[in-house]
Amino acid sequence: MARFDWLSEYLALLQDEHVLVRRGSARELAPAHLLEIDAEDWGRSAQLAAMQDYRWCGMWGDAVDDHIKVYACLEHQGDYLMLQTVVDLQMPLLPSHSLSFPAADRPERHAQDLLGLVFSDHPDSRRWTRHQAWDEAVYPLRGDFPANRSDSAQPAVTPPDGDYPFRQIKGEGVCEILVGPVHAGIIEPGHFRFNALGEEILSLEQHLGYVHKGIEKAAVGRDAAGLVKLAGRVSGDSTVAHAWAACQAIERALSCQPGRRANQLRGLLCERERVANHLGDIGAICNDVGFAFAIYQCSRLRELWQRRNHELFAHRLLMDRLIPGGVRCDLDTSGIEVLRQDHGELRQEITELFDLLEDQPSLEDRLLGTGYLRPATARALGCTGFVGKASGQPFDLRSAHPYPPYAQLPMPARSREEGDVLARVQIRMQEIHDSLDWMDRLLDTLDEGSVQTELPQPKQEVQGIGFVEGWRGEIISFVRMDERGKVQRFFPRDPSWHSWPALERIVMGNIVPDFPVCNKSVNGSYSGHDL
């Protein structure tokens, strides 16, 4: 493969809407532009992209026979660029993207632990996902590693992980505070190591991945329906968004177009998921600073919302409502009228409630200026969703790179510049209002037609990629299937890969008692990060 200035090539390609790739099929990773580059140019590509203000979105590897294909996803002004290179399985060496994009740190370490990729100049070689579960020379995402633990030589019980080399700050009066990995609440485990001087937080370092589910390995061999069911369990509070991204990837790989009504119902379910989670978090943030009234009211409203989910769509969390080619559920005329009434009642309640919350000096005193995330830091870490929007990053897939049904019903993009906990709450409040307005417009224009389209069988190996705006932000799913329609590689990238590192920056300079509210204002998914 000849070396070339990939960025110039890419910009030239964008001038011709009919040419999407330099080599291979133009549909191979649509709607992203795909560029194949030499492994030795991998680091240089990141430098050039950073100079052009690209946002780094994610990376993953795909072990095929005696080599590993490596992908990196970048975004600029709503347009996606996929970089692809190939390294030999016996010498899987690449330059790191983390020197140009700090967001690449943990994803590269994840690939290091599970695939054996080696990043020659990565500034942090510590394990990230491995956690003592496998020997140093064992890589679970390679083809020679059995999916069933009973078929491997690894111990049935993973040894305890107590020797992760956390960084320390030395100095008079500096102390370490350990939180987790087991928490007091009913949440997944994660370890937080603070260095504090008195009450002031000097640094926070996280270690996650204590309940590694093996999602990527468990996907191998599944059919399309089985994969979407699995995708809906990457992060249970984002079951619609992750399932939708997986559906998109499968449908694009198979050149299948779901009907308009199916896509409209997917959008409706995804917005209902967004409203429920924002309501829960707004109440929890206020509760973390002692304003219990908000959690009572928000919990009540969320409960009514989720009961309606169960009544109309047969599941409180909307799990397994999406399938490849469409959805399992539909709405009749009476259901549409019920939703319209619900939207009006909720809009009235939150208008009064949110006005009250924004007019509480004691609440504002705890949220205003707390947990500040600089816009430049949010950009460097690739933050999307309410975390990015509150720090001057307006990117929202529904408006920047609209997909059906948002292409027909635009969603406004919101952002603020303050970057603190209060701004993240205000973005969530606005998104609830926007979702209610959007769902009303959708119900007014809901198409007739089938909600399911039959998937074609592939005639050869295919791959596809999906992009969906979940309630936390941008979700990316990559799927490769063989000629029988069986999954050979699945990688779901949750926005929490980017928001968890942001939390480490957010808490610096804050007092230790403000950590819970800073943490809840971000609310990264342990499960979405711990594949």
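What follows is a dialogue on a sheet, its cavities and one serine in a predicted model.

Colleague: What ground rules apply to numbering, confidence and atoms?
Modeller: Residues are numbered from 1 along each chain as its sequence is written, and side-chain values use heavy atoms, with hydrogens and water left out. This is a predicted model, in which totals for chains, interfaces and linings use all residues, side-chain atom pairs count only at pLDDT 80 or more, and local features need pLDDT of at least 70.

Colleague: In what order do the four strands of the open sheet lie?
Modeller: Strands here are DSSP E runs of at least two residues, helices are H or I runs of at least four, and both are numbered from the N terminus. Two strands pair if DSSP finds at least two bridges between them. Strand 1 (33–36) and strand 2 (55–64) are the edges, each pairing on one side only. The pairing is mixed, and the order is 1-4-3-2.

Colleague: Which residue of strand 4 is the bridge partner of Glu36?
Modeller: Strand 1 and strand 4 (residues 79–88) run parallel, joined by four bridges. His33 has Leu81 as its bridge partner in strand 4. For Glu36, the partner is Gln84.

Colleague: Which residue in the turn between strand 3 and strand 4 has a positive phi?
Modeller: These two strands pair in the antiparallel sense over 10 bridges. Leu74 stands opposite Leu81 in strand 4. The two strands form a hairpin with two residues between them, and the residue with a positive phi, about 55°, is Gln77.

Colleague: Why is strand 4 described as largely enclosed by the rest of the structure?
Modeller: Buried means under 20% relative accessible area, exposed means over 50%, and partly exposed lies in between (1.4 Å probe, protein chains only). Strand 4 is largely enclosed because, of its 10 residues, the number buried is seven.

Colleague: What angle does helix 3 make with strand 2?
Modeller: Helix 3 (residues 105–115) packs on the sheet and touches strand 2 and strand 3 (67–76). Contact means heavy atoms within 4.5 Å. Axes are lines fitted to C-alpha atoms, for helices over the stretch in contact, and angles run from 0 to 180 degrees between N-to-C directions. The angle is about 10°.

Colleague: Which element gives the most to the lining of the largest cavity?
Modeller: A cavity is a set of points on a 1 Å grid over the protein atoms alone where a 1.4 Å probe fits but cannot get out; lining residues have an atom within 4 Å of a point. Among the 15 lining residues, Met59, Trp60, Pro107, His110 and Phe491 are the closest to the centre. Strand 2, helix 3 and strand 14 (487–493) each supply at least two residues. The most, five residues, comes from helix 3.

Colleague: What volume does the second largest cavity hold?
Modeller: Its lining includes Cys383, Phe386, Arg472 and His498. Helix 12 (385–389) and helix 15 (496–506) are the elements that give two or more residues to that lining. Grid points are joined across faces, edges and corners, and a volume is the space filled by probe spheres set on the points. The value is about 50 Å³.

Colleague: Is Ser527 buried or exposed?
Modeller: Ser527 is found in helix 17 (residues 526–529). Leaving aside neighbours within four places in sequence, Ser527 is in contact with Glu188, Lys213, Arg233, Val234 and Ser235. Its relative accessibility is 10%, so Ser527 counts as buried.

Note on methods: 1 Å grid on protein atoms, 1.4 Å probe; cavity = no way out; pocket = protein on both sides within 12 Å on 5 of 7 lines; lining within 4 Å.
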